[in-house]
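This report covers one protein chain, from the whole fold down to single residues. The sequence and the model come before the discussion.

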Amino acid sequence: MSCLILAAMLAAGPAADAAAVLKSLESAGRALKTMKASFVETKVLVLLNEKQETRGDVLLQVPGRLRWNYAAPQPSAMVIKDGQFSRYIPKSKQVFRGQARGEADLLVGFGPGAAGLGKKYEVTLLGEEAVGGTPAYVLDLKPRPEQASSGLFSGIRLWVDKARSIPVQTRLTEPTGDHTTIRFEGVVLNGPVAASAFDLKLPSGVEEVK
């Protein structure tokens with residue numbers, strides 16, 4: 001090995017592995033109190049050969065508060081608060097409520113959701129890839145056999161910002177093969193978020209569905 005190649009390898013630093021990236025995710029997760037971002041969500045329906053794109057913004061407050069505001073193509077809002085799920089669709093004047101399940105996986109890798117991933121999933125580091133110009137590690141997460149029946153997704157892929165150790169993109173794959181990719185933009189960490197931001201204020205005449 002030439003001196004020039006050796007010098008280049010030493011300058012690049014030690015190669016990352018899945019365990020190191022998971023550790024950095026957990027460390028960043030412990031420090032996270034709030035998160036704001038805009039997002040682009042692309043859902044692919046494999047059997048129908050259809051692609052659906054939605055845009056909006058997301059708010060997270062640790063512990064246990066999450067809000068997705070969908071702006072286009074159809075306005076709606078989804079709130080998770082104290083373990084309960086609510087989805088309001090203004091066009092149909094309906095709000096759907098129930099116990100939160102896999103909806104929290106939409107933000108897997110953020111905050112407390114970054115802890116224990118190695119116990120729930122078999123994690124593989126696929127390499128590196130830029131997302132919107134941000135260098136990122138690519139992690140593949142496959143549910144361990146004892147977890148496979150309890151989740152909504154058969155696989156998760158995370159693009160982890162190399163500088164901030166937070167996901168900049170997530171892909172959630174369902175057992176049917178349908179998959180949803182969420183790209184986060186303009187992420188602001190630990191800024192002020194009002195507690196009232198997680199109150200779902202509904203107009204009169206809304207039908208409640210459970």
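Against which elements do the buried residues of α2 pack? The buried residues of α2 pack against α3 (117–120), β7 (121–131), β8 (134–143), β9 (155–161) and β10 (167–173).

The model is predicted, so local features need pLDDT of at least 70 and side-chain atom pairs count only at pLDDT 80 or more, while totals for chains, interfaces and linings use all residues. Residues are numbered from 1 along each chain as its sequence is written, and side-chain values use heavy atoms, with hydrogens and water left out.

**Whole chain**

The chain contains 3 helices and 12 strands, taken as DSSP runs numbered from the N terminus (helices H or I, at least four residues; strands E, at least two). Of its 210 residues, 38% count as buried, where buried is under 20% relative accessible area, exposed is over 50% and partly exposed lies in between (1.4 Å probe, protein chains only). Among contacts (heavy atoms within 4.5 Å) between residues at least 6 apart in sequence, 48% join residues at least 24 apart.

Mean pLDDT, the predictor's confidence in each residue from 0 to 100, is 87 for the chain, and 89% of the residues score at least 70. Over residues 1–14 pLDDT stays under 50, and the model has 2 contacts beyond four places in sequence for this stretch. Where pLDDT is low, the predicted coordinates should not be read in detail.

**Helix α2**

Helix α2 (residues 18–31) has 14 residues and spans 20 Å from its first C-alpha to its last, close to the 20 Å expected at 1.5 Å a residue; the expected span is 1.5 Å times one less than the number of residues. Its buried residues are A18, V21, L22, L25, A28 and G29. Seen down the axis of α2, they fall within an arc of 125 degrees, so they line one face of the helix; the arc is that of the directions from the helix axis to the C-beta atoms. The face turned away from the buried side of α2 carries the exposed residues A19, K23 and R30.

| Residue | Relative accessible area | Class |
|---|---|---|
| S86 | 9% | buried |
| K91 | 72% | exposed |

S86 is in strand β5 (residues 84–89). Its side chain makes a polar contact of 2.9 Å with that of R97; such a contact is a pair of N or O atoms within 3.5 Å, and within protein one must be able to donate a hydrogen and the other to accept it, with residues adjacent in sequence counted only if both atoms are side-chain atoms. Not counting residues up to four places away in sequence, S86 touches A77, M78, V79, V95, F96, R97 and L200.

K91 lies in the loop between β5 and β6 (94–99). K91 and S76 are 15 residues apart in sequence and 8.3 Å apart in space, C-alpha to C-alpha.
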